[in-house]
Amino acid sequence: MNKGAYLRTVFILSLLLCCSALAAVCIGRLSVNPLDVYQVISSKLAKQPVIDETLEAMDTVLFKIRIPRTLAAMMVGAMLSLSGAVYQGVFKNPLVSPDILGVSSGASVGAASAILFGLGMVERQSFAFLGGIFAVVLATTIPKLLKNYSNLVLVLSGIIVSGFLTSLLAIMKFVAEEQTELSAIVFWQMGSFSPIDMKEVVAISPAFFIGTSLLMGLSWRINILSFGEVEAKTLGMNVRQIRGITIACASFLTASAVSICGTIGWIGLVIPHLARLLVGSDHTKMIPVTVISGALFMLVIDTIARALLTVEIPLSILTGVIGAPCYAWLLYRQRANVF
Amino acid sequence: MILEVNNISFAYAGAPTLFSNISFSVKQGQIISIIGPNGVGKTTLLNCMANLAAPTEGEILLEGKDLKRMKAQEIAVKIAFVPQFIIPSFAYEVLSYVVTGCAPRMGTFEKPKQEHYAIAQQSLEQMKISHLAQKYYTQISGGERQQVSIARALAQRPKIILMDEPTAHLDYGNQIKVLKIIKKLAAEGYAAVITTHNPDHALLLGGEVAAINSNGQFIFGSSREVISEEFLSSLYGVDLRLHHIPGIGRDVCVAASL
């Protein structure tokens, strides 16, 4: 893949993302036309009060609901896809998804305990984040106890930790009050952006910007990590250090994303494959493409989720229904040259 | 003298000593073939030299500095390692693969630029496989992959190239081709240390032989002096013959019969 073709792909995807973002802001129960969006935003930027009454209603809808939600969907999509790509690279395995080290099950246990304790939204999100990080810390501690730092042992620890936490979650669901708590847990596990406002967007921004830029910076090193420990070491890399940083970044990204909107399946697995199909396996190219396409995919899914029916469709339903066939198609397309 | 192996021993945790008191040195332009039966620790010895395994006793000095006290990056600018099995998980282009040989001379967040790709191209030319540059690494043959892997080692601009069974999994023609390449690299000044299961390869390459027998004893010397019928037969525990073939002007190692 030459540089020109790569830049063209990035440009087209970015353009699509911008158009989708504009469309997402306009589409909804109160549909807004793009020109009005421009007017509302420009008057906001110029710090002029909005005089027109309908524009004032739009102002509320846009800044309180749609813009935060659009931003959140793009960031979460980018974060989940990016950590999927990074995990796949580091673990040399294209079948790995961001919850390989137990982030999602940890976050679910965190969120479920907040629900059972009857705590509010902010606590639910913080518990989910801490639960996710706790799971990864646990999964990365087991290899240290065994003094075996191979990828296989790390993946096995991830499986052990998520297995344990999944059972813990099952206990919590079992004791939960059916009508309120249980449905809240189940709904949380299917993922949704409906409770999101600017506060959440601000909360995940640091993780998004720091994690994404560090991983973009290390993208070429991820190529080398994907050759395996022996080759990476003989190429002069401090394998444990670089692997540690990339796994920490990817886990922070996943935990932050999951904490605000619940677990969302498929995207972290499918989008990296799409990126590889578009620009090849070289992580210096596929990571930026993964970030943009992840944002695009999540935004489109979320817009469908809130606009298709009068009730909101949980995100994991759509990512599965749309993502799984996409994945099958991708495998069909790339069967010859990606694995 | 580039690399000095001083009295090293090795034992895996909880296992008896694999080999002990191994000493030899590697000089510029030298070819050393490590031979011996299965399980005596040929690859482990090579791994110790690559700093992939740490000897339980003794030390390995790279230009006078103890490998144990060196960073992976410092070692990688002088020692390149060509692994036996390369199982790529992703389809990288050959050029993207070879350019990773420049990694030891680059910063952690640096990405390969024009100059690095130029080095990679040059290494491919050195191996006469420039035509593979844009091919997917997963789609080339085993022999080509071995050549690409050596090209990556060359991109490291090392003084020593360590190769773990470079002829394994190759057809007969490719085996000879790889041996030729090793000989040529030595002529260009690289030191090459390889492990091999075929004593005839050690004869073909000439240079030195480092043999470990099943008792863990170590024998080192020029291949001409060390390799004899008795030596090979006792090393491998089968009846092996050494014959001088006048037509090609060299000794050949063959099995007597089955």
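Analyst: Strand β3 (residues 31-35) of chain B and strand β8 (residues 191-195) of chain B pair in the parallel sense over four bridges. Strands pair if DSSP finds at least two bridges between them. Strands (E, at least two residues) and helices (H or I, at least four) are DSSP runs, numbered from the N terminus. B:I31 stands opposite B:A192 in β8(B).

This is a predicted model: local features need pLDDT of at least 70, side-chain atom pairs count only at pLDDT 80 or more, and totals for chains, interfaces and linings use all residues. Residues are numbered from 1 along each chain as its sequence is written, while chains are lettered from A and ligands numbered from 1 in the order in which they are written.

Now widen the view. β3 and β8 of chain B sit in an open sheet of six strands, in the order β6-β7-β8-β3-β9-β10. The pairing in this sheet is mixed. At its edges are β6 (79-82) and β10 (218-222) of chain B, and each pairs on one side only. From one strand to the next, the twist averages 15 degrees. In a regular strand, side chains alternate between the two faces of the sheet.

What lies across the strands β3, β7 and β8 of chain B? Helix α6 (residues 172-187) of chain B does, and β7 here is residues 160-163. α6(B) runs at about 150 degrees to β8(B). Angles run from 0 to 180 degrees between N-to-C directions, and axes are lines fitted to C-alpha atoms, for helices over the stretch in contact.

Next, two helices of chain B. The axes of α4 (residues 114-126) and α5 (residues 142-155) of chain B come within 8 Å. They cross at roughly 130 degrees. That makes α4(B) oblique to α5(B). Under 35 degrees counts as roughly parallel, over 145 as roughly antiparallel, 65 to 115 as roughly perpendicular, and the rest as oblique.

Which residues meet in α4(B) and α5(B)? In α4(B) they are B:I119, B:A120, B:S123, B:L124 and B:Q126. In α5(B) they are B:A151, B:L154 and B:A155. Contact means C-beta atoms, placed from the backbone, within 7 Å. Six of the contact residues are nonpolar, two are polar and none is charged. Ala, Val, Leu, Ile, Met, Phe, Trp, Tyr, Cys and Pro count as nonpolar, Asp, Glu, Lys and Arg as charged, and the others, Gly among them, as polar.

Key: Two residues are in contact if their C-beta atoms, placed from the backbone, lie within 7 Å.
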